[in-house]
Amino acid sequence: MTDNTLIKALGRAFRWKKMLETGEYATIKELAEHEGIAFSYMTRVLRMTLLAPEIVEAVLEGKGPDRLTLSIALEPFPVEWQEQEQGFLERDISDIKQRHQLGVNKSDGWKYPPAGFVP
């Protein structure tokens, strides 16, 4: 089943990353202002460019894990691809969903980049 919201966010993330890499915009803040999007939201979406290629490909092909939604993808996640695959593909993420619903933005020991980090 295709998750169009997640696919759209991935597309935005990689488009924004390219705009920053090519120098079209010098900073995330400048790009966020141009796009009319909150800086904090943009940094969380941009962080999705750090997802393992296998996860991105699976989502784009409509074969991503059913439990991986946009709200879950915007949560902090490990930068190591193997850990991501274990976390998103193998781990029961109901606890992450529950924390998200409660408004808690903490991971359970995963290492993750800070919200403003862009490679």
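Residues are numbered from 1 along each chain as its sequence is written. Because the model is predicted, local features need pLDDT of at least 70 and side-chain atom pairs count only at pLDDT 80 or more, while totals for chains, interfaces and linings use all residues, and side-chain values use heavy atoms, with hydrogens and water left out.

User: Which helix has the highest mean pLDDT?
Analyst: pLDDT is the predictor's confidence in each residue, from 0 to 100, and the protein chain averages 79. Helices are DSSP runs (H or I, at least four residues), numbered from the N terminus. Helix α7 (residues 94–102) sits lowest among the elements at 49, and the top spot, at 97, goes to helix α2 (residues 28–35).

User: Is Met48 buried or exposed?
Analyst: Met48 is in the loop between α3 and α4. Beyond four places in sequence, its contacts include Leu6, Leu10, Leu74 and Phe77. Buried means under 20% relative accessible area, exposed over 50%, partly exposed in between (1.4 Å probe, protein chains only). Met48 has a relative accessible area of 0%, so it's buried.

User: Which residue's backbone oxygen does the side chain of Thr49 reach?
Analyst: Thr49 lies in the loop between α3 (39–46) and α4 (53–60). Thr49 is buried, at 9% relative accessible area. At 2.7 Å, its side chain reaches the backbone oxygen of Leu46.

Terms used: Helix = DSSP H or I, 4+ residues; strand = E, 2+ residues; numbered from the N terminus. Polar contact = N/O pair within 3.5 Å; in protein donor to acceptor, adjacent residues only side chain to side chain. Contact = heavy atoms within 4.5 Å.
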